[in-house]
Amino acid sequence: MSKKRGAGKKGKGNKRQEDSDEEEVKAPPKGRGGRKQDSDEEEEVKAPPKKRGGRKQASDDEEEEEEKAPPPKKGGKKQQSDEEDEEDEKPAQGKGRGKGKPTVQDDDEETNGNGNDDVVIEEAETKLPTKPAPKSTKKGRNNNNNNSNVEPAAGGGNKRSTATMKSIMADATRAGVKGSVTSQFTVKLDNINLEFSGKHLLEDTSMTLAFGHRYGLVGPNGSGKSTLMRALGRREIGGIPKNIQVLYVEQEVEGAPDKSALDMVVEADTERLELLKTQKELEAKRIEVEAKDEYDEDLQEEITETHKRLHDIGAHSAEHRARVILTGLQFTERMQTCPTQELSGGWRMRIALARSLFCRPHLLLLDEPSNHLDLYACFWLEGFLSKWKKTLLVVSHDVDMLNAICTDIIQLDPAQKKLVQFRGNYDNYLAAADLRRAEYNKAYKKQCDMENEIKRLKNQTQTSQKPKAGKKGKENNNQGRTSGAGSQARAIAKKIEDWEKAPKLPPPAKDYNVKFGWDDPESLPHPVLQVRGVSFTYPGETRQIFKNLELGVDLDLRVAVVGRNGVGKSTLMKIVLGELVPTAGEVIHANKLKIAYFSQHFVDTLPLDISAVDYLRKTFKLDEKEARKYLGRFGITKEQQVNLLSTLSGGQKSRVMFCNLALQNPHIMFLDEPTNHLDIESIEALAEGLRNFKGGVFLITHNQRLIAASCDRVWIVEGNQTVTVWKDEFKEYQKAVMQTLEFDDSDEEN
């Protein structure tokens, strides 16, 4: 009698499952000899055909360990291997400007995050393909706080179980975005409602943050981006799983006399510190056990798991990783090791950013991280975040950064009070948003046409219902017509009723357009500004900042001054402006030369207790009508014009200052970090305004798009007492700088 072969092989992790839709593979029919059918099971697997030679039946243990994978789907296409499946589920990479054709995703289409160039409009509620979480007999503990580390079990707990769960999480993270990890650490929020100072910002909207994706949050100034980020960071929006570690960089660290920047960054990983402490305690116990000539198997297993977890989190390379991050953010060796109380608020804000990058939480929230950085640090941060393997949500007004790092864009639509998700980087989003807007306008026009048709039908019905005078003899002849007219009237009434019950689209939002412009200055003979043999040293110091500078500025020059923080960019601007007197040499201004200066600390000069209209009227002796005209020209609404300056957002205050510059009618504008508070649309408007301005531009900024779009010359200040004129395009300068920056590629977990 022939023996039944093994029912199949059960591979570990090779079989795909769906939580709610399991595939069933039918058992084979009875063969010759009346072989008995297997008993009912949850899943029956077809036995493979018998090979020549009559291989012996596999044992029950082997049958439980090995099970044949389910057959391929219809069409004969071979099932992909696990490696191919895992590759398919990796998020899209931000690779610059996307050129794919925008397409609209159906409501029931799943989000695959496959990184292609097609732009897909997604609903906020995104469906993600998932795999089941791996089974484990050891219990782990969820982290209930919002810092970036998993705390030990309260009251001592089971350290072995905790270490095991941490190890599982680390292994899953290093493996990439794979089924169960994607599901376990994905944040899906529904029914989001958000308000600020009584103003409704979001109403009944939703958002999905898939693990391993990098999202850019965009929207106009004042739409509520920072309010949303703060609410997420403080877990004020319900629905964030407790096992998700959330970190929001909100404020600078406090300076300390006994701690350096390096100390603060390394100590941010409290799990590492705790594991090192545990390791020390366990080693002491091991020595005691060995002294008694004994062996504790449980103790040795705990020591092994602790060592493994320390290896998984890269504890041995912690200081190196911290130094790489601080160096990338432009901390010198001395600044990394000096007491933090000696550093300014801007540098302590960079320490806070460095700590968040070092901790690597499941969900990192960054609100305008480049505001406190110089151009070099922005280049480094862009490269670092483009390799971020966990979930990132960033608000940035730097288009180049959004294009380089983002796999998805979330638009905060203030008109609809909704969050709308798009796949791809910022350029992809622009194309998809234009398509979505066109489709919405088309649908709204169709609705308006239908509304007009309903009005016509209502008027027609009312007219037909009015009694008409006629001869009584004709009543019998009209009975047939009356029957037909009644049927038509009922159809019209049903159409009107259906229309009135149907949901209506709100009017489309007005396009958010911002335009900046300055009047052309009067002509002046060349050169309008000269720097001749200028050297400079600050009083009381011996270090010379500049030596024998020879520079010239004309009305057709648009120059960007770049370099690391602290090398003298702002000092050079103040020397050229005449605010600082050279130690040697001279700065010559042409007669009648008018200069306007935008300082990055302009808020300190604004009287916050008066309105924007009153500020311009008092400063430039204008009447109210003329003041309003200038404010409107720079996008300040009628309501904002009469509000106190203290109530305006940072971007709105910046526009008031640009009005100030316009009213000065300058020949040359000196702009020191003018984009710090501007949204993307305002930065694009500023770039266009500077291109059209017929005067000179002297610009210091970390915004790459503004430099590339508005400047035709780059001056490099490198801290070597000179100013170098870059003779190539700005994009080539970007590439040259990126080659000099160090990124830590050795750490797989990022």
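Which residue in strand 17 does Val559 stand opposite? I looked this up first, and found that Val559 stands opposite Phe698 in strand 17.

**Basis of the entries**

I note that this is a predicted model, in which local features need pLDDT of at least 70 and side-chain atom pairs count only at pLDDT 80 or more, while totals for chains, interfaces and linings use all residues. Residues are numbered from 1 along each chain as its sequence is written, and side-chain values use heavy atoms, with hydrogens and water left out.

**Entry 1: the whole chain**

I recorded 23 helices and 19 strands in the protein chain; helices (H or I, at least four residues) and strands (E, at least two) are DSSP runs, numbered from the N terminus. Of the 750 residues, 45% count as buried, where buried means under 20% relative accessible area, exposed over 50% and partly exposed in between (1.4 Å probe, protein chains only). I then looked at contacts (heavy atoms within 4.5 Å). Among those between residues at least 6 apart in sequence, 72% join residues at least 24 apart.

I traced an open sheet of six strands in the order 15-16-17-13-18-19, with mixed pairing. Two strands pair if DSSP finds at least two bridges between them. Strand 15 (595-598) and strand 19 (723-726) are the edge strands, each pairing on one side only. From one strand to the next, the twist averages 20°.

I followed strand 13 (residues 558-562) to its partners. Strand 13 runs parallel to strand 17 (residues 696-700), and three bridges join them. Strand 13 also pairs in the parallel sense with strand 18, over four bridges. Here Val559 stands opposite Arg713 in strand 18.

Strand 18 and strand 19 run antiparallel and are joined by four bridges; Val714 stands opposite Trp726 in strand 19. These two strands form a hairpin with five residues between them, and Gly719 in the turn has a positive phi of about 80°.

Axes are lines fitted to C-alpha atoms, for helices over the stretch in contact, and angles run from 0 to 180 degrees between N-to-C directions. Helix 23 (residues 730-738) packs on the sheet as well, touching strand 13, strand 18 and strand 19, and its direction makes about 120° with that of strand 19.

I found an open sheet with the order 12-11-14 and antiparallel pairing. Its edge strands are strand 12 (544-553) and strand 14 (584-589), each of which pairs on one side only. Neighbouring strands are turned by 15° against each other on average, direction ignored. Seven bridges link strand 11 (residues 529-537) with strand 12 in the antiparallel sense, and the bridge partner of Thr537 is Gln544 in strand 12. Helix 16 lies across strand 11, strand 12 and strand 14, at about 55° to strand 12.

**Entry 2: two helices in contact**

How far apart are the axes of helix 12 and helix 23? I read 10 Å, with helix 12 (residues 375-385) and helix 23 packing at an angle of about 70°. The two helices are therefore roughly perpendicular to each other, a term for angles of 65 to 115 degrees; under 35 counts as roughly parallel, over 145 as roughly antiparallel and the rest as oblique. Helix 12 contributes Leu375, Tyr376, Phe379 and Gly383 to the contact, and helix 23 contributes Phe730, Tyr733, Gln734, Val737 and Met738.

**Entry 3: nonpolar cores**

I looked up the nonpolar cores, each a set of buried Ala, Val, Leu, Ile, Met, Phe, Trp, Tyr and Cys residues joined through side-chain atoms within 4.5 Å. The largest has 107 residues, of which Phe331, Leu357, Leu385, Trp518, Phe658 and Tyr733 touch the most other members. Another core, of 31 residues, lies apart from it and includes Val531, Phe546, Leu580 and Leu593.
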